[in-house]
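This report is an introduction to one protein model for a reader who is new to structural description. Please look over the sequence and the structure before reading on.

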Amino acid sequence: MSRIGNRVLTIPPGVEVKNEGNNVVIIKGPKGELKQTFSTLIEIKVDGTELKTLRINEQKHTKQLHGTTNSLLEGMLVGVHTGFVKELEIVGVGYRAALAGDKINLSLGFSHPVEYLIPKGITVEIPKPTEIKISGIDKQLVGEVAANIRAYRRPEPYKGKGVKYKNEKIIRKEGKAAGK
(Lines give C-alpha, C1' and ligand atoms only; values in the text may rest on other atoms or scores of the structure.)
Protein backbone atom coordinates (compact mmCIF):
# COMPACT_ATOMS: atom_id res chain seq x y z
CA MET A 1 0.00 0.00 0.00
CA SER A 2 1.45 3.33 -1.06
CA ARG A 3 1.35 5.81 1.80
CA ILE A 4 2.47 8.70 -0.39
CA GLY A 5 -0.03 7.80 -3.12
CA ASN A 6 -2.89 7.66 -0.62
CA ARG A 7 -2.26 11.09 0.88
CA VAL A 8 -4.85 13.74 0.07
CA LEU A 9 -3.39 16.96 -1.33
CA THR A 10 -5.04 20.24 -0.41
CA ILE A 11 -5.33 22.81 -3.17
CA PRO A 12 -4.09 26.19 -1.89
CA PRO A 13 -6.32 29.26 -2.31
CA GLY A 14 -5.82 30.98 -5.65
CA VAL A 15 -4.83 27.74 -7.41
CA GLU A 16 -7.07 26.15 -10.02
CA VAL A 17 -6.78 22.45 -11.00
CA LYS A 18 -8.32 21.06 -14.20
CA ASN A 19 -8.27 17.40 -15.20
CA GLU A 20 -8.81 17.11 -18.93
CA GLY A 21 -9.29 13.81 -20.79
CA ASN A 22 -6.52 11.17 -20.83
CA ASN A 23 -5.17 12.33 -17.44
CA VAL A 24 -3.86 15.67 -18.68
CA VAL A 25 -3.71 17.91 -15.61
CA ILE A 26 -3.47 21.70 -15.87
CA ILE A 27 -2.69 23.63 -12.69
CA LYS A 28 -2.91 27.45 -12.72
CA GLY A 29 -1.80 29.68 -9.89
CA PRO A 30 -0.45 33.12 -9.08
CA LYS A 31 3.08 32.20 -10.28
CA GLY A 32 2.06 30.59 -13.59
CA GLU A 33 0.64 27.49 -15.22
CA LEU A 34 1.91 23.90 -15.41
CA LYS A 35 0.58 21.11 -17.62
CA GLN A 36 1.50 17.43 -17.42
CA THR A 37 0.18 14.13 -18.77
CA PHE A 38 0.02 11.24 -16.31
CA SER A 39 -0.50 7.51 -16.79
CA THR A 40 -4.07 6.33 -17.25
CA LEU A 41 -3.42 3.61 -14.63
CA ILE A 42 -3.82 6.29 -11.94
CA GLU A 43 -7.13 8.11 -11.59
CA ILE A 44 -6.84 11.75 -10.54
CA LYS A 45 -9.88 13.21 -8.75
CA VAL A 46 -10.44 16.88 -7.94
CA ASP A 47 -12.89 17.20 -5.05
CA GLY A 48 -13.41 20.85 -4.08
CA THR A 49 -10.13 21.84 -2.41
CA GLU A 50 -8.80 18.27 -2.32
CA LEU A 51 -6.80 16.34 -4.90
CA LYS A 52 -6.72 12.52 -4.72
CA THR A 53 -4.94 9.81 -6.68
CA LEU A 54 -6.47 6.33 -6.96
CA ARG A 55 -5.12 3.10 -8.51
CA ILE A 56 -7.31 1.28 -11.01
CA ASN A 57 -5.70 -2.13 -10.24
CA GLU A 58 -3.26 -3.71 -7.79
CA GLN A 59 -0.42 -4.62 -10.16
CA LYS A 60 3.16 -3.80 -9.15
CA HIS A 61 3.69 -1.22 -11.91
CA THR A 62 0.48 0.61 -10.97
CA LYS A 63 1.52 0.69 -7.32
CA GLN A 64 4.89 2.17 -8.34
CA LEU A 65 3.19 4.93 -10.34
CA HIS A 66 0.77 5.79 -7.50
CA GLY A 67 3.22 7.54 -5.17
CA THR A 68 5.14 9.09 -8.06
CA THR A 69 2.00 10.66 -9.50
CA ASN A 70 0.99 12.06 -6.12
CA SER A 71 4.46 13.56 -5.55
CA LEU A 72 4.52 15.14 -9.02
CA LEU A 73 1.09 16.70 -8.41
CA GLU A 74 2.27 18.07 -5.06
CA GLY A 75 5.32 19.60 -6.75
CA MET A 76 3.08 21.24 -9.35
CA LEU A 77 0.77 22.67 -6.64
CA VAL A 78 3.66 24.09 -4.62
CA GLY A 79 5.34 25.43 -7.78
CA VAL A 80 2.41 27.49 -9.05
CA HIS A 81 1.60 28.75 -5.54
CA THR A 82 5.01 29.57 -3.99
CA GLY A 83 7.68 28.43 -6.47
CA PHE A 84 11.03 26.71 -5.94
CA VAL A 85 14.46 28.21 -5.23
CA LYS A 86 17.96 26.71 -5.36
CA GLU A 87 20.98 28.71 -4.22
CA LEU A 88 24.55 28.09 -5.32
CA GLU A 89 27.83 29.40 -3.90
CA ILE A 90 31.03 29.81 -5.85
CA VAL A 91 34.20 29.23 -3.80
CA GLY A 92 37.69 29.98 -5.12
CA VAL A 93 40.05 32.85 -5.87
CA GLY A 94 38.89 34.60 -9.04
CA TYR A 95 35.80 32.40 -9.37
CA ARG A 96 32.68 34.49 -10.05
CA ALA A 97 29.44 34.74 -11.98
CA ALA A 98 27.83 37.58 -13.92
CA LEU A 99 24.45 37.91 -15.59
CA ALA A 100 24.41 39.01 -19.25
CA GLY A 101 20.87 39.07 -20.63
CA ASP A 102 19.64 35.46 -20.84
CA LYS A 103 23.10 34.00 -20.13
CA ILE A 104 25.27 33.48 -17.08
CA ASN A 105 28.99 34.13 -17.55
CA LEU A 106 31.00 31.96 -15.18
CA SER A 107 34.71 32.43 -14.46
CA LEU A 108 35.72 29.12 -12.90
CA GLY A 109 39.48 28.95 -13.35
CA PHE A 110 39.44 27.73 -16.95
CA SER A 111 41.32 29.49 -19.75
CA HIS A 112 37.96 30.66 -21.10
CA PRO A 113 34.74 31.95 -19.50
CA VAL A 114 31.85 29.49 -19.41
CA GLU A 115 28.48 30.69 -20.74
CA TYR A 116 25.26 29.03 -19.59
CA LEU A 117 22.02 29.80 -21.44
CA ILE A 118 19.11 30.22 -19.01
CA PRO A 119 16.04 28.21 -20.14
CA LYS A 120 12.56 29.76 -20.35
CA GLY A 121 10.60 29.67 -17.10
CA ILE A 122 13.70 30.10 -14.93
CA THR A 123 14.70 33.31 -13.15
CA VAL A 124 18.33 33.78 -12.12
CA GLU A 125 19.55 36.42 -9.69
CA ILE A 126 23.17 37.09 -8.77
CA PRO A 127 23.13 39.15 -5.52
CA LYS A 128 26.93 38.81 -5.17
CA PRO A 129 29.47 37.64 -7.75
CA THR A 130 29.90 34.45 -5.73
CA GLU A 131 26.20 33.63 -5.23
CA ILE A 132 23.59 32.41 -7.73
CA LYS A 133 19.87 32.21 -6.91
CA ILE A 134 17.79 30.07 -9.31
CA SER A 135 13.99 30.20 -9.06
CA GLY A 136 11.00 28.96 -11.03
CA ILE A 137 7.72 27.06 -10.85
CA ASP A 138 8.93 23.73 -12.28
CA LYS A 139 10.76 21.78 -9.56
CA GLN A 140 12.51 19.48 -12.01
CA LEU A 141 13.76 22.32 -14.22
CA VAL A 142 15.05 24.40 -11.27
CA GLY A 143 17.00 21.40 -9.96
CA GLU A 144 18.33 20.56 -13.42
CA VAL A 145 19.62 24.10 -14.03
CA ALA A 146 21.32 24.14 -10.61
CA ALA A 147 22.91 20.73 -11.26
CA ASN A 148 24.11 21.77 -14.73
CA ILE A 149 25.79 24.92 -13.38
CA ARG A 150 27.35 22.94 -10.52
CA ALA A 151 28.65 20.34 -13.00
CA TYR A 152 30.99 22.87 -14.65
CA ARG A 153 33.24 22.86 -11.56
CA ARG A 154 32.21 20.52 -8.75
CA PRO A 155 33.71 21.30 -5.32
CA GLU A 156 37.00 19.49 -4.84
CA PRO A 157 37.78 17.79 -1.51
CA TYR A 158 41.15 19.42 -0.72
CA LYS A 159 40.45 23.17 -0.74
CA GLY A 160 36.69 23.13 -1.40
CA LYS A 161 37.01 25.20 -4.58
CA GLY A 162 34.16 25.04 -7.08
CA VAL A 163 30.40 25.54 -7.34
CA LYS A 164 28.35 24.10 -4.47
CA TYR A 165 24.83 24.28 -3.13
CA LYS A 166 24.24 26.86 -0.38
CA ASN A 167 24.09 24.47 2.59
CA GLU A 168 26.15 21.65 1.09
CA LYS A 169 28.87 20.30 3.38
CA ILE A 170 32.04 19.38 1.53
CA ILE A 171 33.95 16.50 3.11
CA ARG A 172 37.59 17.56 3.20
CA LYS A 173 40.71 15.44 2.77
CA GLU A 174 43.98 16.27 4.49
CA GLY A 175 46.33 15.89 1.55
CA LYS A 176 49.86 14.49 1.19
CA ALA A 177 51.10 15.31 4.68
CA ALA A 178 48.46 13.05 6.22
CA GLY A 179 50.32 9.89 5.17
CA LYS A 180 53.45 10.57 7.25
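**Domains**

The model described here is predicted. Its chain is divided into domain 1, which covers residues 9–82, and domain 2, which covers residues 84–165. The centres of domain 1 and domain 2, taken over C-alpha atoms, are separated by 31 Å.

**The largest pocket**

The largest pocket has a volume of about 190 Å³. Which domains contribute to its lining? Domain 1 and domain 2 each supply at least three of the lining residues. The lining of this pocket consists of L34, K35, Q36, S71, L72, G75, M76, F84, I137, D138, K139 and Q140. In terms of secondary structure, at least two lining residues come from each of β4 (33–37), α2 (60–81) and α3 (139–151). Helix α2 provides the largest share of the lining, namely four residues. Sorted by class, the lining of the largest pocket contains five nonpolar, four polar and three charged residues.

**Salt bridges**

Side chains of opposite charge can pair when their charged atoms come close. The structure holds nine salt bridges. The table lists some of them, with the distance between nitrogen and oxygen.

| Salt bridge | N to O distance |
|---|---|
| E43 and K45 | 4.0 Å |
| E115 and K103 | 3.5 Å |
| R150 and E168 | 2.7 Å |

In the salt bridge between E43 and K45, the closest N and O atoms are 4.0 Å apart. E43 counts as partly exposed because its relative accessibility is 36%. K45 is also classed as partly exposed, its relative accessible area being 40%.

E115 and K103 form a salt bridge through their side chains, at 3.5 Å from N to O. This pair links distant parts of the chain, for E115 belongs to strand β10 (residues 114–117) and K103 to strand β9 (residues 103–107), and the two are twelve residues apart. E115 has a relative accessibility of 47%, so it counts as partly exposed. K103, with a relative accessibility of 32%, counts as partly exposed.

The side chains of R150 and E168 meet in a salt bridge with an N to O distance of 2.7 Å. Because R150 lies in helix α3 and E168 lies in the segment after β13 (162–165), the pair ties together parts that are 18 residues apart in sequence. Is R150 buried or exposed? R150 is buried, since its relative accessible area is 16%, and a residue counts as buried under 20%. E168, by contrast, is partly exposed, with a relative accessible area of 23%.

**The surroundings of K52**

K52 is placed in strand β6 (residues 50–55). At a relative accessibility of 28%, K52 counts as partly exposed. Leaving aside residues up to four places away in sequence, K52 touches V8, E43, I44, K45 and D47. Among these contacts are E43 and K45, the two partners of a salt bridge already described. K52 and A151 are 99 residues apart along the chain, and their C-alpha atoms are separated by 37 Å.

Most residues other than glycine have a negative phi, and most peptide bonds are trans. N22 is not a glycine, yet its phi is positive, at about 60 degrees. N22 lies in the loop between β2 (16–20) and β3 (24–28). N23 is placed in the loop between β2 and β3 as well, and its phi is likewise positive, near 55 degrees. N23, in contrast, counts as buried, because its relative accessibility is 10%.

G29 is found in the loop between β3 and β4. Apart from residues up to four places away in sequence, G29 touches G14, V15 and V80. The C-alpha atoms of G29 and G162 are 36 Å apart, and 133 residues separate the two along the chain.

Conventions: Residues are numbered from 1 along each chain as its sequence is written. This is a predicted model: local features need pLDDT of at least 70, side-chain atom pairs count only at pLDDT 80 or more; totals for chains, interfaces and linings use all residues. Side-chain values use heavy atoms; hydrogens and water are left out. On a 1 Å grid over the protein atoms alone, a cavity is a set of points where a 1.4 Å probe fits but cannot get out, and a pocket is an open set with protein on both sides within 12 Å along at least five of seven lines; lining residues have an atom within 4 Å of a point. Grid points are joined across faces, edges and corners, and a volume is the space filled by probe spheres set on the points. Ala, Val, Leu, Ile, Met, Phe, Trp, Tyr, Cys and Pro count as nonpolar, Asp, Glu, Lys and Arg as charged, and the others, Gly among them, as polar. Domain bounds come from an automatic or database domain assignment. Buried means under 20% relative accessible area, exposed over 50%, partly exposed in between (1.4 Å probe, protein chains only). Contact means heavy atoms within 4.5 Å.
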